[in-house]
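I opened this entry to look up a few local details and then the overall totals. My notes follow in the order I took them.

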Amino acid sequence: FPSHDMPMLYGSRTKGCYRTTDGINWSLTPLPVPSVSATDPGTIGISSIAFSSITSGLVYAGVANDSGVTGGVYRSTNNGETWSIIANSPSRPLTVKEAINGDVWVAHSGGVSKYNGTSWYLYNPSGTAEIYCGIDTHPTNSDEVIAITMAQDGGKLYRTTASGVGTWSLVAGGNNTRSFVNHPIKPMTWQGASGYSRDTMDRCT
């Protein structure tokens, strides 16, 4: 949630998306729920939730195409009370991020995609199709984006300064980085965690 006076949303692997306005009482929202066991290692469920920093009430959610689910990027205009899928969105999104200009970026099982409000554009930063698990955008420059591949692909970080068009540069790779966060004070400086240890950090600019 973007501020203390906004609802909070919680997305799970197999139990759906819950919403609260007070942190105590939670209600199930109509995001789809996969009809598979929670112990199934292939189940992703709701992979990502992103509140818009531009439009009040606008929220995006990544939902994987697990059993019984129409996967894709879902959109809510009322802080998660109701949802609708964005047509032609990636069916197995892993991370969703809204850029400062309103473009929606998605890291997914087939690469990196951008939605400009009308059309989807697919990019493969490495030049070949890979699974991308994370993506982030510059807080003041919508053209600058960074994406990371899954750890089995070496945890490679790629950057574009042209909103995905043309060549993406390899920033770092081969260290099995699984996730990263944008530095809150120094834009486009990341800290990435290897494995599941938060105290094993690598920084790249």
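I started with a strand pair in this predicted model. Strand S6, residues 72–76, runs antiparallel to S7, and two bridges join them.

Next I asked which sheet S7 belongs to. I found an open sheet of four strands, ordered S4-S5-S6-S7, with antiparallel pairing. Its edge strands are S4 (46–51) and S7 (84–85), and each pairs on one side only. I reminded myself that strands of a sheet pair through backbone hydrogen bonds, either parallel or antiparallel.

Then I turned to the aromatic rings. How many aromatic pairs are there? I count five aromatic pairs. One of them joins Tyr123 and Trp168: the ring centres are 6.4 Å apart, the planes lie at 50°, and the pair is tilted. I checked where the two partners sit. Tyr123 is in strand S11 (residues 120–123), while Trp168 is in the loop between strand S14 (157–160) and strand S15 (169–172). They are 45 residues apart, so I noted the pair as a link between distant parts of the chain.

The charged end of Lys114 sits over the ring of Tyr121, 5.7 Å from the ring centre.

Where does Ser142 sit? I found Ser142 in the loop between strand S12 (132–137) and strand S13 (145–149). Its relative accessible area is 14%, so Ser142 is buried. Leaving aside residues up to four places away in sequence, I list Ala99, Ile100, Asn101 and Ser163 as the residues Ser142 touches. With Asn101 there is also a side-chain polar contact, at 3.4 Å.

I count zero helices and 18 strands in the protein. It has 205 residues, of which 48% count as buried. The protein exposes about 10000 Å², and carbon and sulfur atoms supply 50% of that area. Finally I checked contacts between residues at least 6 apart in sequence: 36% of them join residues at least 24 apart.

Notes:
Residues numbered from 1 in each chain as written. Predicted model: local features only at pLDDT ≥ 70, side-chain atom pairs only at ≥ 80, totals over all residues. Heavy atoms only, no water. Buried < 20%, exposed > 50% of the residue type's maximum accessible area, 1.4 Å probe, protein only. Polar contact = N/O pair within 3.5 Å; in protein donor to acceptor, adjacent residues only side chain to side chain. Contact = heavy atoms within 4.5 Å. Phe/Tyr/Trp six-rings, centres within 6.5 Å; stacked < 30°, edge-to-face > 60°. Lys NZ or Arg CZ within 6 Å of the ring centre and 35° of its normal. Pairing = 2+ DSSP bridges. Areas by Shrake-Rupley, 256 points an atom, 1.4 Å probe, with all protein chains shown as cover.
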